[in-house]
Amino acid sequence: MKNLYTIIITLLLCGMVQAQIDNDSITSGPCEAPQFVVYANGTNAYYYWSDTGSDTTANSDTAVSTGIDTFLIIYRPQSGSAQDNMYEIVNGDEAVITGLLPLTNYITWMAKICDGDTSAIDPAAYFTTG
């Protein structure tokens, strides 16, 4: 799906951080969207990805490495629109989204959060709940 749009979101992570996500941008360097896979089992979605970098967070004038990367999972039913997007902020290299609608086709993306900014969105993945 080549629906290019810009989403402005406000994340509650170390205070109010405004992040702009543009799935038409190309990001290189340490803040790249992770490549991920997602599997549905019942009404749960299991996300797995690999990322070798470690997140850094600005603390006063010094960047401090937290050692744990922070990611944004964006998902919605395929029949929905951008206004129906749901967001989860997760750490590590896997996540489970529970309580999804049964027998529903979903579309999902991931981005990485680096120093209060958000990477480009990874290409969309699709899954269907049981």
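Strands here are DSSP runs of E, at least two residues long, numbered from the N terminus. The views below all come from a predicted model.

**View A. The disulfide between cysteine 31 and cysteine 114.** Searching the whole structure turns up one disulfide. Its two sulfurs, from cysteine 31 and cysteine 114, sit 2.3 Å from each other. Cysteine 31 belongs to the loop between β2 (16-22) and β3 (35-41), while cysteine 114 is part of strand β10 (residues 105-114), so the link ties together parts that are 83 residues apart in sequence. As for handedness, the torsion about the S-S bond is about 100°, so this disulfide is right-handed. Both partners, cysteine 31 and cysteine 114, are buried.

**View B. A nonpolar surface patch built from Val37, Tyr39 and Tyr48.** Together, Val37, Tyr39 and Tyr48 make a patch of about 300 Å². Zoom in on tyrosine 48 and you're looking at strand β4, which covers residues 44-50. Tyrosine 48 has a relative accessibility of 35%, so it counts as partly exposed; that label is for values between the 20% limit for buried and the 50% limit for exposed.

**View C. Leucine 103 and its positive phi.** Most residues other than glycine have a negative phi. Leucine 103 isn't glycine, yet its phi is positive, near 50°. You'll find leucine 103 in the loop between β9 (94-97) and β10. With a relative accessible area of 71%, leucine 103 is exposed, because anything over 50% gets that label.

Note on methods:
Residues numbered from 1 in each chain as written. Predicted model: local features only at pLDDT ≥ 70, side-chain atom pairs only at ≥ 80, totals over all residues. Heavy atoms only, no water. Patch = residues over 30% accessible without salt bridge, like charges linked within 9 Å, V, L, I, M, F, W, Y side chains within 5 Å. Areas by Shrake-Rupley, 256 points an atom, 1.4 Å probe, with all protein chains shown as cover. Salt bridge = Lys/Arg side-chain N within 4 Å of Asp/Glu carboxyl O. Helix = DSSP H or I, 4+ residues; strand = E, 2+ residues; numbered from the N terminus. Buried < 20%, exposed > 50% of the residue type's maximum accessible area, 1.4 Å probe, protein only. Disulfide = S-S within 2.5 Å.
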